[in-house]
Amino acid sequence: MVRAYSQEHTYKHPWERVTSASWRKFADPENKRILSHILEVDTLSHKLDSSSGKLYTTRAITIHAPGPWFLRKIIRQDICHCVESTVVDAQSRSMQLSTRNISLEKYIEVEEKIRYDPHPDNPKLWTVCKQETSIRIKPLSALASMAEKIEQKCVDKFQANSAKGREVMERMCKYLEAESRGISA
């Protein structure tokens, strides 16, 4: 069984500011308190394709293992390693992120896709963020009802973390807005 959900959020900030905030959200010390499930973020590679103008990056993200505490006790692991691949197309003003876990794969598969585009109703001043996440608990497939409950707990936790992420993004956008006006935030 796979649990999937999607969310959409409108940032009332231009695409350039929102994508800048996305890059900076993990580095800001204030955000580390809010995004406490994120333990470490390292850039593995980045490449600017001169012919297309697209930026490709890959980051390693270490997080607290998802799921309820008793699942972490069963699998004897408290952390999970993920890989985030990002493509930024400044020409078409699109940023796409795809994140998946590369550890704990025999227990859980999580894939998150986020896309930032100018909002169709106000493309110069607003940005739409579309997020899709799928979660699958693997070893409990035979025990479908238990797997569904654990998957739902994971969905609830991911949605709560998404809300924290939006809070951080809004704060970073306001900081960047103040910075662009020469005001200390």
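The side chains of D28 and R171 meet in a salt bridge, with N and O 2.2 Å apart; the term denotes a side-chain nitrogen of Lys or Arg within 4 Å of a carboxyl oxygen of Asp or Glu. D28 lies in the loop between α1 and α2 (29-34) and R171 in helix α4, so the contact ties together parts 143 residues apart in sequence. Helices here are DSSP runs of H or I with at least four residues, and strands are runs of E with at least two, numbered from the N terminus. D28 is buried at 19% relative accessibility, while R171 is partly exposed at 30%. Buried means under 20% relative accessible area, exposed over 50%, and partly exposed in between, for a 1.4 Å probe and protein chains only.

The model is predicted: local features need pLDDT of at least 70, side-chain atom pairs count only at pLDDT 80 or more, and totals for chains, interfaces and linings use all residues. Residues are numbered from 1 along each chain as its sequence is written, and side-chain values use heavy atoms, leaving out hydrogens and water.

I turn to a second pair. R17 and E177 also form a salt bridge, at 4.0 Å from N to O. Because R17 lies in helix α1 (residues 15-24) and E177 in helix α4, this pair joins parts that are 160 residues apart in sequence. R17 is buried, at 18% relative accessibility, and E177 is partly exposed, at 22%. R17, E177 and R181 are linked in a network of salt bridges.

E111 is partly exposed at 32%, as is K113 at 42%. The salt bridges number 10 by this rule.
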